[in-house]
Amino acid sequence: MRIQILIATVFICFLGHSQGKIDRIRNFSLKPDFPYKRNLHHSIQPLIRANPLNLETNTSDTVIIEIKKINPPLFSNPKEAKRPFVILPASDSYFQYDTAINYRAAVGFNFEKTWGKWYNRTLLTSGWSLREDYTQTHVAFSPMQDRNAYWFTDIRTRLGYTPNDMLHISAGIDNQFFGEGYRSLIQGDQVAPNPFVQFRVNFWNLEYGLLYQFLHDNNYANKTRDWKYNTTHYLSMNIGSNFNIMLLESVIFQSKDSTYKRGYEVEYLNPFVFFRPQEYSLGSTDNVLLALQSSYYFGSKKHCVYFQLPLDEFVLKEITKRSKWWANKYGLQLGVKGQFKKWSYQLEGNLVRPYTFSHISSGQNNGSLGLPLGHYLGSNFAELLATAQIPFKNFQLTLFSSFYLKGYDDSSISYGGDIYKSYTSHPKEFGNTIGQGITQRALSFQANASTTLSKLQLELYLQAGMQYSWGEMESRTSPLICLGMRSNLFNERKIR
C-alpha cells in the first residue's frame, strides 16, 4: 500500500508545481522589475515573495509590498485588486544520490488571493521523506530528530495588509531573510518557518521595522518542546540612491526557566525601547543581539558590495588586547555581487567566532527547532564561496563552489561550534580561535542546470557536484546528483 501511495504521490508531483530540496540560487537581479523604484529597503525579505515571472508582461505579483518595497502604492494595476483567488497544485519532491539513494515526495496546493488592501499566499504540502537531512527544506513545527523515513505536513502562509503608502502589516508562518548576501548571519531561510507578526513603516528615506517571532526550543533529554520568543526591531536608511545602512537589535527569551513560568514578556512588546536596558531591569539572562549591515551599489547599479556585523557579546578592552576572550562573540560577512552583460556573479566571505549565538541554555540561543536562525554552520567557522549564473537560450547554468573551516565540539566540552550546547562548559577563558576543537575542512563544487516551463510555471533542474572534507574527523568524498521539478513561488533554497 505504501508503494502505491508513493507512486501516486510522485506522479502528481510531476504534474503540479514543485519545490525541490536544492533550489536554484537566489535571483541576482540588482534592479527589481517593479514599476516603482522609490525608497527600496530590499535587504529585509520574507521567504514568500513574488512569482518570478516577467513583470513587464505579468504584473499580478507586484501586489506583495513586503517583498522588495513598502512605499509604492499597493497595485500597479487597479484591476488586479478584483482578480479571483487562485489555487494551484504544489509539491516538494526530488530524487537524489549522494552516499545513498534518497527521495522526498509530497503534494498539496498553493492558494493566492488579493482583496482590497489585503493579500494572502499559502502553501500546504504533505508527503513522505526517505531521510531527514539538514540540507532539505524544513517543515513547520517539526524538529530535526535524526529520523529515517517519515511522513510530514508543512504549511507556509503570509497574510499582508497595506492601509496606506507608509504602513504594511503582515502575519503568518514564514521565514525572514536579512541582508544582501547568499547567506545571512542574522536570520536566514534554512531554518523551519515560524509564526510571526511584522510591522514595516516607511517614511522619507527611512524604514522602521518591528518583528515578533514565536520559536521552539528542543529538549531532547525530556523529549519536549518549549516556546521561546524573538523580538526584533531595526532602522534602515537609504543615503542617496546607492547606499543603505541598517541597525538592528533583537532579544530572544524563553517562556519558562528552572524557577518559574514567565510566559511572554510584555516589556519587549514596546517598539520604542532598547532591549539591553530592559533586560537589565528585568534581572534576566535573555539573549540580546545587535547587528549592523550595509550595502553600496556602483557601476550604474550593476554591482553591489555589502557586509553584515552581528554583535552577540563583547568587551572592547579584550578585543584591543587581542586576548581572544571566549565571550567576544561576533561575526562578519563581506561580499560583492553583480552582473556583466547577462552573466551574474557573487563572491562572499563569512566568519563567526566561537560561542557566538549560543547561551546558557537552548531556550536562549539564536536557534529554533534544532537549527541556527542565521548561517547553517552556526558558529566557530570561516567560509568562502563563489557563485555564477550563465543564461543560455533554453536553460540557465548555475555554478557554485565553497570552502569552509569549522570547529566541532566533542561530547562533553563546548569549543563553541554547536550553538545548542551551553557556553558554560567552555574549557578556557582566553586564546579561543576560529576552528578550535575538532577541526574539519570541506571543499565543494556544484553545477545546476535548469529550464523553465513558463506556461506551467515549473522549473526542471539537474544538479551534480562533489564535496571533499578532511581534518581531525574521517576524510570523505561525497558525490551528489539530484533531479527534480519545482515551482518558484517561494524563496530559493541554497546550494551547499
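This is a predicted model: local features need pLDDT of at least 70, side-chain atom pairs count only at pLDDT 80 or more; totals for chains, interfaces and linings use all residues.

Reply: **A strand pair, then some charged pairs**

Strands E12 (residues 243-254) and E13 (residues 287-298) run antiparallel to each other and pair over ten bridges. Strands here are DSSP runs of E, at least two residues long and numbered from the N terminus, and two of them count as paired if DSSP finds at least two bridges between them.

Residues are numbered from 1 along each chain as its sequence is written, and side-chain values use heavy atoms, leaving out hydrogens and water.

Now the charges. Opposite charges on side chains can pair when the charged atoms come close. The structure holds eight salt bridges, each being a side-chain nitrogen of Lys or Arg within 4 Å of a carboxyl oxygen of Asp or Glu.

One of them joins Arg131 to Asp98, with the closest N and O atoms 2.9 Å apart. That pair ties together distant parts of the chain, 33 residues apart: Arg131 sits in the loop between E5 (118-129) and E6 (150-161), Asp98 in the loop between E3 (93-97) and E4 (101-115). Asp98 counts as buried because its relative accessible area is 13%.

Another pair is Asp174 with Arg158, at 2.8 Å between the closest N and O atoms. Here the link runs from strand E7 (residues 167-174), which holds Asp174, to Arg158 in E6, 16 residues away. Both ends are covered: Asp174 is buried at 0% relative accessibility, and Arg158 is buried at 1%.

Then there's Arg200, whose side chain meets that of Glu207 in a salt bridge of 2.7 Å, N to O. Again, both partners are tucked away, with Arg200 buried at a relative accessible area of 1% and Glu207 buried at 0%.

For contrast, go back to E4, where you'll find Ile101. This residue is classed as exposed because its relative accessible area is 64%.

Methods
Buried means under 20% relative accessible area, exposed over 50%, partly exposed in between (1.4 Å probe, protein chains only). Helices (H or I, at least four residues) and strands (E, at least two) are DSSP runs, numbered from the N terminus.
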